Amino acid sequence: MKPPAPEYAVVVVGAGPAGMAAAVEAAVGGASVLVVDDNPAPGGQVWRAAGAGPFTDGRVLGPDYAAGGAAVREFAASVATADVDHLSGAQVWHLDDRLELGLVLPDGRGVVVRAGRVVLATGALERPMPVPGWTLPGVMSVGAAQTALKAQAMVPEGRYALAGCGPLLWLYAAQAAAAGAPPALVLDTSSRSNRREAAQHLPGFLLSPYARKGLPLLLRARRAAPVVGRVDGLHIVREGEGLLLFWTCGGREDAAPFDQVLLHHGVTPNLNLARAAGCELDWHEDNACFVPRTDEWGRTTVPGVLLAGDGAGIGGAEAAASGGRIAALAALAELGAITDDERDEAAAPLQAERARWLRGRPFLDLLYRPAPHFRAAEADAIVCRCEEVTGAQVAEAARLGATGPNQLKAWLRCGMGPCQGRMCGLTVTETIAAARGVPPAEVGYLRLRTPVRPVTLAQVAALPRTEAERRAVERL
Amino acid sequence: MFRRLLDADEPARELAFTLDGRPASGREGDTVAAALLALGRRAFRRTAVSGAERGPWCLMGVCHDCLVTVDGIGIVQACLVELRAGMAVETQTGPREVQR
């Protein structure tokens with residue numbers, strides 16, 4: 001794979017639905033484009049291996065996934081005609097307000113790339129689900145199992161349970177059943193008390209494409225395995241070679257052995273790179289998460305950095321693709337490649353399309369928002385997987401005066417490990433909020449800094465530097 | 001831990017590698033993490049803090065729990081690296097050692 005050029009008009013981070021769409025749109029507008037993605041192939045998470053994976057028909061994974069294949073092929077065509085440079089298996093560890101990106105290439109070399117504009121399409125990740133025992137081998141996220149299904153056509157071996165709530169939980173149950181490996185049990189933690197608030201948004205949901213897709217899927221999924229509802233407590237312990245899963249429903253406890261347990265409590269923006277680049281965040285109450293602030297074009301609070309797709313707010317693949325193109329058009333206009341009028345005219349149908357999809361989100365977000373006691377960690381649950389910090393330690397520190405995640409980081413190291421808060425950030429905020437009796441928005445989120453992924457001294461030391469930079473440090 | 005759905009008993013698609021020094025095999029298209037899961041491995045490493053066993057959580061490059069050593073390089077996210085023939089994969093124990 002050839003190394004990237006030192007400079008591009010538009011650098012897109014992420015080759016999922018938003019990233020691929022942004023890249024193709026920017027290239028059509030005449031800009032030089034680089035797409036950097038950490039996976040071996042384009043598609044992001046939702047369209048993982050859609051272009052070339054083991055499942056090309058919709059039989060197991062559904063028609064939306066098959067449709068993703070078309071987007072992947074269109075992107076591949078842009079790359080093949082050299083309109084777009086695509087670096088796969090590469091990681092971005094640095095982005096600053098001078099629009100310089102630090103990358104690590106698949107062979108381990110570090111390079112710096114300058115951008116005219118940056119479009120972050122860094123997507124989403126699953127919300128941490130800090131139940132006691134969630135760090136045991138054999139416990140994974142539902143999304144992880146879906147990744148293995150899409151990319152390697154693998155299913156969990158033996159008896160496995162799903163626990164949690166959210167559209168992905170039901171989608172995977174239906175897909176795994178279609179593949180001949182349904183879960184042995186589904187524990188549904190969705191909170192009844194959300195229903196009234198969600199119901200206000202039901203008309204929007206019914207008018208959106210989600211309703212047509214979602215209801216048949218839900219019926220298939222619920223027929224795939226026994227479902228226990230109103231689950232309000234979970235914990236997992238090792239038993240012999242396997243796991244013992246405990247659950248409570250209104251005071252009554254049950255347990256059953258499983259070979260594997262898959263957990264899911266929704267998806268939230270993957271905001272580490274945006275945060276480290278200096279983007280301001282806002283708390284979104286519907287989805288109980290922090291989201292980088294963007295305008296309708298995807299512009300963040302850092303000039304020159306735009307954000308599209310689920311990373312700018314969970315909206316799904318189709319809304320992400322529209323958002324990617326909208327951000328690319330905004331970047332092209334800012335670079336002078338197109339006029340503002342041209343931008344507005346091209347963006348109008350995309351904005352309408354995106355709105356059609358987003359209309360359905362408030363209902364889903366509210367219906368499946370995990371109950372507060374699941375979002376703050378219990379005393380003996382691990383909050384920070386990297387540093388092995390428990391809920392009890394976090395709550396105690398909050399009571400002793402660590403009023404926010406950044407003070408807590410200095411006391412307990414939550415957020416300092418390799419994952420840089422991706423697995424603990426929201427839990428830390430919620431646990432501190434619960435201990436202090438204040439809303440999460442008041443507690444705030446971890447301040448993150450470069451590098452956003454582990455890099456070696458050798459990779460940093462090998463970066464090119466000018467004579468002036470050398471002199472500034474060595475003072476010769 | 002995970003089983004393969006498509007039975008690809010085609011020798012061309014098998015990839016021989018070593019796992020903790022012993023011969024192992026995976027398939028073309030596997031990430032290192034997928035290959036280890038298909039071989040029945042649930043734990044890939046022991047943590048630096050308490051020595052607790054950990055395996056992959058997210059399989060998408062964010063949790064950093066699937067860390068292994070590949071061809072002598074440590075702290076490699078097994079879920080992001082494609083398996084290649086001849087790779088030497090070692091599961092990690094504790095913190096990474098600095099070469100002296």
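Q: Which residues have the most contacts inside the largest nonpolar core?
A: The model is a predicted one. Its largest nonpolar core has 102 residues. Those with the most contacts inside this core are Val12(A), Val33(A), Leu162(A), Tyr172(A) and Phe17(B).

Q: Which helix gives the most to this core?
A: In soluble globular proteins, nonpolar side chains tend to be buried together. Here the top contribution is eleven residues, and they come from chain A. The helix that gives them spans residues 317-335 and is H10.

Q: How many residues does the second, separate core have?
A: Val131(A), Trp134(A), Leu187(A) and Leu234(A) are among the members of this core. The number of residues in this second core is 50.

Q: Which element gives the most to the lining of the second largest pocket?
A: This pocket has a volume of about 1300 Å³. Of its 46 lining residues, the closest to the centre are Arg453(A), Gly74(B), Ile75(B), Val76(B) and Gln77(B). Two or more lining residues come from each of helix H18 (457-461) of chain A, strand E6 (67-70) of chain B and strand E7 (73-77) of chain B. The most, five residues, come from E7(B).

Q: How many residues in the lining of the second largest pocket are nonpolar?
A: By class, the lining includes 14 polar and ten charged residues. The nonpolar residues number 22.

Q: Is Ala472(A) buried or exposed?
A: Ala472(A) lies in helix H19 (residues 467-474) of chain A. Its relative accessibility is 51%. Exposed means over 50%, so at 51% Ala472(A) counts as exposed.

How values were computed:
Residues are numbered from 1 along each chain as its sequence is written. Chains are lettered from A and ligands numbered from 1 in the order in which they are written. This is a predicted model: local features need pLDDT of at least 70, side-chain atom pairs count only at pLDDT 80 or more; totals for chains, interfaces and linings use all residues. Side-chain values use heavy atoms; hydrogens and water are left out. Helices (H or I, at least four residues) and strands (E, at least two) are DSSP runs, numbered from the N terminus. Buried means under 20% relative accessible area, exposed over 50%, partly exposed in between (1.4 Å probe, protein chains only). On a 1 Å grid over the protein atoms alone, a cavity is a set of points where a 1.4 Å probe fits but cannot get out, and a pocket is an open set with protein on both sides within 12 Å along at least five of seven lines; lining residues have an atom within 4 Å of a point. Grid points are joined across faces, edges and corners, and a volume is the space filled by probe spheres set on the points. Ala, Val, Leu, Ile, Met, Phe, Trp, Tyr, Cys and Pro count as nonpolar, Asp, Glu, Lys and Arg as charged, and the others, Gly among them, as polar. A nonpolar core is a set of buried Ala, Val, Leu, Ile, Met, Phe, Trp, Tyr and Cys residues joined through side-chain atoms within 4.5 Å.
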